Amino acid sequence: WIVIAVSALSILLIGGYIIIKRGQTIKKENKYAKIVNAEEPLGDGETVRFLLGYYGPENTKARKDQVSQVLSEMQGDDVSEEMMRQLDNFKGTERVALVKILTIRGHAEAVPKFLEYAETSDDAELRKHSLNGIRLMGGPEHTADLLAILEGTSDNAVRESLERAMVTMSRAIDDDQQRTGALIRRLEASDLDPKLRGSLLRVLGDLGGEKALAFFTTALKDKPKDYQFDALSALMHWPDYTAAPIIEELGLSTDDAAVKAGAARAYARLIKMPAPVKPEETQAMLDKLWSIADARRDQALLFDILARIPQDWAVEYADQYKDDKVFGPYVKRAQDTIGQAISEVPPLVPGEILDASVAKTDGAAGVYYDEDTKAVVNWTDPAAWVYWDFILEEAGTYAVALSMASKGEAGSEFNVIV
């Protein structure tokens, strides 16, 4: 009887514990549901700590993603501040998630902590997302910090994130000398590591400007071949046509086939830029491209460019090569493509919308039109552009409106050229 009584008591105690735990779980889940299902999530530090409890290993990725989404949108006192206090309590993907959330929330007070992660962390993902947060929330005053971090970084993906952050923050500096001076001084140092040199040249090429152009002019004339390659690579991101003369000069003067090929590709990229130039200016550049390009592969770039120009003059220009034994077929394909494109160019009436479905993309792989969202997506490379060809029936002054959206960590700097 004693054994039976003890057993019955144990069963009652275990059953009671299970009932209590089940009640606690139901209460916790009800609280969670109330927070995440709110149309406009509202909370405080205690709410943040409660939700971060779901970042544990026992929860699914879907649940953690839901928590991250709610924390990104949550309003209320001490929300971002509590996330900052909790950052170092997490590791791996959970810490990265918090960094991304603070970036989405635009909590600029996180920048010093992000700089610490970017400099000292062994986690490449944490470094990349910290740098993205610095890029979006930092300012020109942080460029010196990033340059110092870049000097000690060997991971290529992290270096790319550093370069993008430096470009974004440096662009906020109006004075050309201040914007590029530190980069040029470092590039002129004799102890420059080749990887660091490549990064600094790419940043300088993205920024452009008179000081940078003067530096590249000297570099392309006087530096060794490997330096010239890095400089040409950097000029592939040059923001306007001002670099064309120095690329022309290098391409026409060098005897090195590889350097000449690099110059041809850099020059072809400038011709393809969607900038307002007259047909005769484009034709002159195409003539120079043909002179620069020795290899047939590089000369073929000319027909690729022509095929992107839906204008009658492009068809006529291509005619001069129609009897070439090698490029005759290229001419035929290019002219067919041009003719088809001309027939598809829509007339635009003021007030009408140029739909994303008919947009063209160039400048980087990965940008595409998404049928589900009815938008151009995956536009993450600053060198990429999206453009529309259209016909205006009447000359005049027109206002241009751009419909766009950015979600998560997407940036919002655009150049609009008509």
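Arg164 is partly exposed because its relative accessible area is 30%; the class lies between buried, under 20%, and exposed, over 50%, computed with a 1.4 Å probe and protein chains only. Glu160 is partly exposed too, at 45% relative accessibility. The two side chains meet in a salt bridge, N to O 3.8 Å. That term requires a side-chain nitrogen of Lys or Arg within 4 Å of a carboxyl oxygen of Asp or Glu. Both residues belong to helix H9, residues 156-170. Four residues separate Glu160 from Arg164, about one turn of the helix. An α-helix has 3.6 residues a turn, so residues three or four places apart point the same way.

The model is predicted: local features need pLDDT of at least 70, side-chain atom pairs count only at pLDDT 80 or more, and totals for chains, interfaces and linings use all residues. Residues are numbered from 1 along each chain as its sequence is written, and side-chain values use heavy atoms, with hydrogens and water left out.

Now the whole chain. The protein has 20 helices and six strands. These are DSSP runs, numbered from the N terminus: helices are H or I with at least four residues, strands are E with at least two. Of the 418 residues, 41% count as buried. The protein exposes about 23,700 Å², and carbon and sulfur atoms supply 53% of that area. Accessible areas come from the Shrake-Rupley method with a 1.4 Å probe; for residues, only the protein chains shown count as cover. Contacts are heavy atoms within 4.5 Å. Among contacts with a separation of 6 or more, 62% join residues 24 or more positions apart.

How many salt bridges does a search of the whole structure find? The search finds 28. One of them joins Glu46 and Lys31, with the closest N and O atoms 3.2 Å apart. This pair links distant parts of the chain, 15 residues apart. Glu46 sits in helix H2 (residues 45-52) and Lys31 in helix H1 (residues 2-36). Glu46 counts as partly exposed at 38% relative accessibility. Lys31 falls in that class at 34%.

Another salt bridge brings Glu248 and Lys288 together, at 3.5 Å from N to O. Here the link spans 40 residues, from Glu248 in helix H14 (residues 244-253) to Lys288 in helix H16 (residues 279-292). Is Glu248 buried or exposed? Glu248 is buried, because its relative accessible area is 15%. Lys288 is partly exposed at 36%. Salt bridges can also share partners: Arg49, Asp78, Glu82 and Arg85 are joined into one network this way.

In helix H6 (residues 111-120), the buried residues are Val111, Lys113, Phe114, Leu115, Tyr117 and Ala118. They pack against helix H4 (79-86), helix H5 (92-104), helix H7 (124-137) and helix H8 (143-151).

Turn to the aromatic rings. Rings of Phe, Tyr and Trp (its six-membered ring) pair if their centres lie within 6.5 Å; planes under 30 degrees apart count as stacked, over 60 as edge-to-face and the rest as tilted. By this rule there are 14 aromatic pairs. Tyr317 and Tyr321 make a tilted pair, because their planes stand at 55° with ring centres 6.4 Å apart. Tyr317 is buried at 7% relative accessibility, and Tyr321 is buried at 9%. Phe327 and Tyr330 are edge-to-face, with 5.1 Å centre to centre and 70° between the planes. Phe327 is buried, at 1%, whereas Tyr330 is partly exposed at 31%. These residues belong to one aromatic cluster of Trp290, Phe303, Trp313, Tyr317, Tyr321, Phe327 and Tyr330.

Charges also sit over rings, a term that needs NZ of Lys or CZ of Arg within 6 Å of the ring centre and within 35 degrees of the ring normal. Arg333 lies over the face of Tyr330, 5.1 Å from the ring centre. Arg63 lies over the face of Tyr32, at 4.3 Å.

Last, the surface. Trp379, Phe390, Leu392, Tyr398, Val400, Leu402, Met404, Phe414, Val416 and Val418 form a nonpolar patch with about 950 Å² of accessible area together. Patches are made of residues with over 30% relative accessible area and no salt bridge: like charges are joined within 9 Å, nonpolar side chains (Val, Leu, Ile, Met, Phe, Trp, Tyr) within 5 Å. Leu392 lies in strand E6 (residues 391-392) and is partly exposed at 38% relative accessibility.
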